[in-house]
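Open the model in your viewer and switch to a cartoon view. The tour below goes from one selection to the next.

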Amino acid sequence: MSTATADGAATPGRASSSPPAHRPSAKKRKSLMGTRPWLAAVFLLPALVLLGALVVYPIAYSVYRSFFDASGNGFVGLDNYQEMFSDDATKTAIKNNVIWLILAPTVSTALGLIFAVLTERIRWATAFKLVVFMPMAISMLAAGIIFRLVYEQDPDKGVANAMWVGVHDSFSESPPFPGAHPRPTAGLTEASNGSFTTKDAVRAGDPASLPLVAAKRGDISGAQDAKAAKAEPGKVTGTVWFDFTRGGGGEQGTIDKGEKAMADLKIEAVKDGKVVARTKSAADGTYTLPAKAEGAQLRLPAWNFSEPYNGVDWLGPSLVTPAIIGAYVWIWAGFAMVLIAAGLAGVPRELMEAARMDGANEWQVFRRITVPMLAPVLSVVVVTLMINVMKIFDLVYIIAPGPSQDDANVLALQLFQSSFGTDVNQGLGSAIAVLLLLLVLPVMFINIRRIRRESRR
């Protein structure tokens, strides 16, 4: 033991007489943030009040309201839930939500991953990322209006069909005169398939005229004036023209001055039901068939007068949901790309270089190193998009036209229509809201578990 001398030095053998240092009691300890718990609660109270008013109360009231009828006065128990699962509209909405849940996050994340990886290899990566991310700055309402026009059926208005029809017409001919047909007195009979055949057989040296009417003005504008065909020995000749004189006048079945030729019409010579010769009308409307057409009947195939290819019915019952998902991907692929690019910046380059030095190709590096290293980021993107997709409403409501809206129905839209539509039943709408909440909860729990797991690392 030691003791302290008068000058403060310690001497061995004697106990110190100074009192022990004072320690504050546990009751007076402050919280981790340096404040007392009640003070922290005071600052949190406004946020808790807002959370209760805007989240907790609506959820509790929706559950309560789902057990009452449309008027809100009669208790019906689980009848609203039974009606919900027996209603065809709700079944379609659930099926479409499953399609959305599978396709939209997957495609958006895959495109974001591809964009993020490929933009590392180009100099103008920043400009590309800006263009891809730009749709995120557009509201869902504006995006819906844009894609409603993009998917317009008329190729002159809809960009999608304009491109589709352009590609189609590059590989196949378009009918020259949609809707045209002969006069009833022109000596041609119409078949069930829409073709027209002469009643009498044609003879070589005797030109056969084929007058037509009802051609569209745009199809004959700029056409040459019709020319009467000359007889050629051993050949069948004739003229196809638009038998109409502007301003009236003229004689039916006769090529009058100013009447227009109808070029590029397919003409077939038919004997005993078999086509023996084919030709097309020239720019001046004349045509020539070989000698084997002698004694045959002339036929104008239905293709000449059929409507031109008008593209794909993007907003029809079968394609409306994939079309709207395409609009969603256009908006959210940029979001996925930005998050994945941020995660890609943290991937150690040494691993990639080592794999390349060991003989791995770019696909193997991407599949075995890049994707596994980005797994946490990819899970964040997928889960975020899944939660977002479950609540999709505005795109479907704006893009889907009236006849196809039932086929494109989703739960959020069905909730709106049941609660505020023409046949209002807020009890059923509340039941759909509860179902939507229950479907979102598992995704939320997965997200919370992921956050906690990453916080422990």
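**Stop one: a pair of helices**

Select residues 349-357, which are helix 9, and residues 362-373, which are helix 10; their axes come within 10 Å and cross at roughly 150°. Angles over 145 degrees count as roughly antiparallel, so helix 9 is roughly antiparallel to helix 10. The crossing of helix 9 past helix 10 is right-handed. Bear in mind that this is a predicted model.

Now show side chains. On helix 9, pick Leu351, Met352, Ala355 and Arg356; they meet Glu362, Val365, Ile369, Thr370 and Met373 of helix 10. Sorted by class, this contact between helix 9 and helix 10 has six nonpolar, one polar and two charged residues.

Next select residues 266-271, strand 8, together with residues 274-280, strand 9: the two pair in the antiparallel sense over six bridges.

Move on to four strands that form an open sheet with mixed pairing, in the order 3-6-7-10. Its edge strands are strand 3 (181-182) and strand 10 (286-289), each of which pairs on one side only.

Strand 3 pairs with strand 6, residues 208-213, in the antiparallel sense over two bridges. Select Pro182, then Leu212 in strand 6, which is the bridge partner of Pro182.

Notes: Residues numbered from 1 in each chain as written. Predicted model: local features only at pLDDT ≥ 70, side-chain atom pairs only at ≥ 80, totals over all residues. Heavy atoms only, no water. Axes fitted to C-alpha atoms, helices over the stretch in contact; angles between N-to-C directions. Parallel < 35°, antiparallel > 145°, perpendicular 65-115°, else oblique. Left-handed = near helix turned anticlockwise from the far one by under 90°. Contact = heavy atoms within 4.5 Å. Nonpolar A, V, L, I, M, F, W, Y, C, P; charged D, E, K, R; others polar. Pairing = 2+ DSSP bridges.
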